[in-house]
Structure formats: structure tokens, C-alpha cells
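Here is a short walk through one fold, written for someone who likes cut-offs stated plainly.

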Amino acid sequence: MTIWEMLAVFAAGIGAGTINTIVGSGTLITFPVLLATGLPPVTATVSNALGLIPGSISGAIGYRAELAGQRPRVLRLAAAAAIGGLCGAVLLTVLPPTAFETIVPVLVALALVLVVLQPRITRAVQRRRDRDGRTATPGDRGGPLLFAGLLLASVYGGYFTAAQGIVYLSLMGILLDDTLQRLNAAKNVLAAVVNSVAALFFVFAAHFDWTAVALIAVGSTIGGQLGARIGRRLPPQVLRVLIVVIGSAAILQLLTR
């Protein structure tokens, strides 16, 4: 890499770490930049996955206050994230690149619809719980449906990672009775699990560009702290709008690249 390419990758890492912590889809910043430096798509994907691990951890630390009381839930969902992330990483090494890319825009679009409709769906679920005499607490785990949904989303996350955070938030927002900020904190932990498991597999099964990994790792760590500072101050309505805007940009980029 030239010095300018290195600076571009580092800046992309900061941007990706920031956006991943707030919403997700940071890969849509780093991946095109890595391709522009001349890296093959698979090398760019695996280098990006490894480089973003410190950013995910940094973002989760920045949201540590919102993680309070979520340990049982996060541990259970982390198991789904780990299994799905490993499956997605394996698929990346055996399937053609177009296999998942054809359905990614549809998946992201569906997630955005769920984010927009989440308040209405949540109110409808709450009314049904009230009629049935059941209550929900912030410690709710979401049941088998959430576990299965996050497992499938993590398969995609291990394969490509772009917009997986948006899918996580849409699923948890509908199936869990909790604030969007606390769900965002859990999302950051799950993203770190997926990236870590996928990257561990890639270390033995794929080729990395270690310069790119180092630049993204440092940049995303800085971005994770920036994202936590910004994201924790956003009202739920603003955060939801930001999710839709970034997700729509992700769909556009996936369809046109």
C-alpha cells in the first residue's frame, strides 16, 4: 500500500468503528476502500473481519452502562452468534461470492421495515400480553424465535458483516421488551462475537493482508469510542431514523457496486 492508501484505510476504520457502534453497516465503508487498494474480495472480507474486532469490543466497552443486567440474555444470544458466525465464515470459503449477495439487499430492506414498524409491533405485543395477563421485563430473553433469528443473521454476519447490526436491532426490538439503547449495547457484543469467531476461522483457512488488518484495528478502536459517545446521547426516535438512513444507503451501495 502507498501512504495515501494506508491513510484511507485508517480513516475508513475510524468511520466503520463509529457507525458500527451506533447502528451497524461499517463494513460498507471499509470494504470498498480495501478493494480500491487492490485487495481481492475474499482477502478484503477476511482482513476487514479481523480488523473490526477491536472496534466492536471498544464499542461494547463504551456501552457498558447499558449492558448492566443483560448478562444472561447476552450469553445466551452470544451462543447463537458464535455458531452462526462460524457457519458464515465456512460458507465464505466454499460458496461463490454471488450466493449471498443476491439476497443481502432484500434482507437489509426487511430489517429496515421492521425497525420502522417496531414501535407499533411492540405496542401490539404488549396489548396481547396485557390481555393474557403476562408481563415482560428488561431481562426477557426473546425465546427460541429470537435465538433462531439471530443465528441466521449471524451466518450472514460471518459471511459479509455489512448491516448485520441493523438486522440484530430489528429482531431484538420486536422480540424483546427493552430500550433501543440497551439493545444497541447487546448488539455490539454480539457483533464482536461474530467477528471474532469468523476471524479465528479465517486465520487458518484464508489469506489476510496484515497491514490492512492493523490499520482498521486501530481506526475502528478509536471509532468505537466515538460511536459510543455519540450513540448513547441519541434519543430513540433519532437513532431509529439514523438506522433507516444508513440502512437505505447500504442497500443502494449493495445494489450498485
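Let us begin with Thr21, which counts as buried because its relative accessibility is 2% (buried means under 20% relative accessible area, exposed over 50%, and partly exposed in between, with a 1.4 Å probe and protein chains only). Thr21 is found in helix 1; helices (H or I, at least four residues) and strands (E, at least two) are DSSP runs, numbered from the N terminus. Leaving aside residues up to four places away in sequence, Thr21 touches Gly55, Gly59, Tyr63, Asn184, Lys187, Asn188, Gly223, Gly224, Gly227 and Ala228, where contact means heavy atoms within 4.5 Å.

A word on the source: this is a predicted model, in which local features need pLDDT of at least 70 and side-chain atom pairs count only at pLDDT 80 or more, while totals for chains, interfaces and linings use all residues. Residues are numbered from 1 along each chain as its sequence is written, and side-chain values use heavy atoms, with hydrogens and water left out.

**The chain as a whole**

The protein chain has twelve helices and zero strands. Of its 257 residues, 51% count as buried. Among contacts between residues at least 6 apart in sequence, 85% join residues at least 24 apart.

**Two helix pairs**

Two packed helices are described by the angle between their axes and the distance between the axes. Here the axes are lines fitted to C-alpha atoms, for helices over the stretch in contact, and angles run from 0 to 180 degrees between N-to-C directions.

| Helix pair | Angle | Axis distance |
|---|---|---|
| Helix 1 (residues 3-22) and helix 2 (residues 27-36) | about 165 degrees | 8 Å |
| Helix 5 and helix 8 | roughly 35 degrees | within 6 Å |

Helix 1 and helix 2 are therefore roughly antiparallel to each other (angles under 35 degrees count as roughly parallel, over 145 as roughly antiparallel, 65 to 115 as roughly perpendicular and the rest as oblique). Their contact involves, on the helix 1 side, residues including Ala8, Ala12, Gly13 and Ile19, and on the helix 2 side, residues including Ile29, Val33 and Leu34. By type, the residues of this contact are nine nonpolar, five polar and one charged; Ala, Val, Leu, Ile, Met, Phe, Trp, Tyr, Cys and Pro count as nonpolar, Asp, Glu, Lys and Arg as charged, and the others, Gly among them, as polar.

Helix 1 passes helix 2 in a left-handed crossing, whereas helix 5 passes helix 8 in a right-handed one. A crossing is left-handed if the near helix is turned anticlockwise from the far one by less than a right angle, and right-handed if clockwise. The contact of helix 5 with helix 8 divides into 16 nonpolar residues, six polar and one charged.

**Helix 3 and its surroundings**

How many residues of helix 3 are buried? Nine of the eleven in this helix (residues 41-51) are, so it is mostly covered. Those buried residues pack against helix 2, helix 4 (53-62), helix 5 (71-94), helix 8 (143-159), helix 10 (180-205) and helix 11 (210-231).

Ser47 lies in helix 3 and counts as buried, at 0% relative accessibility. Its side chain reaches the backbone nitrogen of Asp209 at 2.9 Å. Beyond residues up to four places away in sequence, Ser47 touches Phe208, Asp209, Ala212 and Val213.

Gly51, also placed in helix 3, is buried at 0% relative accessibility. The C-alpha atoms of Gly51 and Ser220 are separated by 7.6 Å, although the two residues are 169 residues apart along the chain.

Technical notes
A polar contact is a pair of N or O atoms within 3.5 Å; within protein, one must be able to donate a hydrogen and the other to accept it, and residues adjacent in sequence count only if both atoms are side-chain atoms.
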